[in-house]
Amino acid sequence: VTPGASADGSTIYSYSADSASLYGTLDRLVGRKNITAGSTKAIYDWDSGVYLGEIEEVQETHDVIGNMNEHQLTIGETTFGGVAALTQGQEGAVMDYGNLIWTTLQRAKTVPEAITVMTDLVAKYGYASEGESFTLTDPREAWILELIGKGPGEKGAVWMAVRIPDGHVAAHANQARIPFVDMTTNVDESSARWAPDVMSFAVTKNLYDPTAGVPFAFSDVYDPLTFSGARSGEARVW
């Protein structure tokens with residue numbers, strides 16, 4: 001819920017998981033200062049606990065409780081999976097979706113900063129999860145960032161992010177939501193952002209034909225709607 005759509009001008013965000021085996025917790029990552037240069041952070045897969053590798057630490061981190069940090073930046077997710085050929089994993093990938101959330105909350109203060117941190121992390125360390133649709137909010141705005149790995153033999157991910165217009169609300173449940181964004185014009189980064197190769201990568205993987213006369217839409221290309229997606233995903237939104 002954007003500030004213009006709430007009664008008191010607040011940004012309102014909720015995150016839930018429909019699972020009989022998941023129980024609510026509020027884990028805390030205490031903020032740290034003056035972290036020794038050259039230090040690393042161990043990454044363990046959020047779902048399995050498997051060790052994935054190490055990433056470089058930053059000099060200072062923010063305090064994090066659950067999915068919110070001390071600056072009221074919040075990040076949640078809903079898994080959409082996406083094109084099967086791109087969800088088979090990347091050799092040596094370190095950043096899974098859970099640690100992508102936590103690490104970003106430790107390093108960013110606002111949604112625009114968070115988008116930069118998240119996309120830089122997967123570009124540098126690889127992406128170890130399926131396609132994800134992330135919700136990012138701060139006291140001023142709300143965005144959806146959708147991201148899917150590049151698959152075996154590649155590194156990193158392709159992604160697109162859109163700002164929810166003020167005065168509007170958005171919801172998503174296990175289905176990619178970002179439709180057509182006109183990338184031919186000089187779009188202001190305050191309303192939409194995307195990976196430089198988000199379209200060209202789809203072309204090389206035969207997922208999109210720019211000569212077919214169909215506008216490029218992230219959700220249609222990287223997570224085509226199926227009956228199960230419509231029934232178990234989109235139907236739950238409404």
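## Two asparagines with positive phi

Asn174 sits in the loop that links strand 9 (157-163) to strand 10 (192-194). Strands here are DSSP runs of E with at least two residues, helices are runs of H or I with at least four, and both are numbered from the N terminus. Asn174 is not a glycine, yet its phi is positive, near 55°. Asn174 counts as partly exposed because its relative accessibility is 30%; the cut-offs are under 20% for buried, over 50% for exposed and in between for partly exposed (1.4 Å probe, protein chains only).

Asn206 lies in the loop between helix 3 (198-204) and helix 4 (218-222). Its phi is also positive, about 60°, and Asn206 is not a glycine. With a relative accessible area of 71%, Asn206 is exposed.

## Basis of the model

The model is predicted: local features need pLDDT of at least 70, side-chain atom pairs count only at pLDDT 80 or more, and totals for chains, interfaces and linings use all residues. Residues are numbered from 1 along each chain as its sequence is written, and side-chain values use heavy atoms, without hydrogens or water.

## The largest nonpolar core

The largest nonpolar core holds 53 residues. Such a core is a set of buried Ala, Val, Leu, Ile, Met, Phe, Trp, Tyr and Cys residues joined through side-chain atoms within 4.5 Å. Phe134 and Tyr222 have the most contacts inside this core. Helix 2 gives the largest share, eight residues.

Beyond its neighbours within four places in sequence, Tyr222 is in contact (heavy atoms within 4.5 Å) with residues including Phe80, Ile148, Val158, Phe201 and Leu207.
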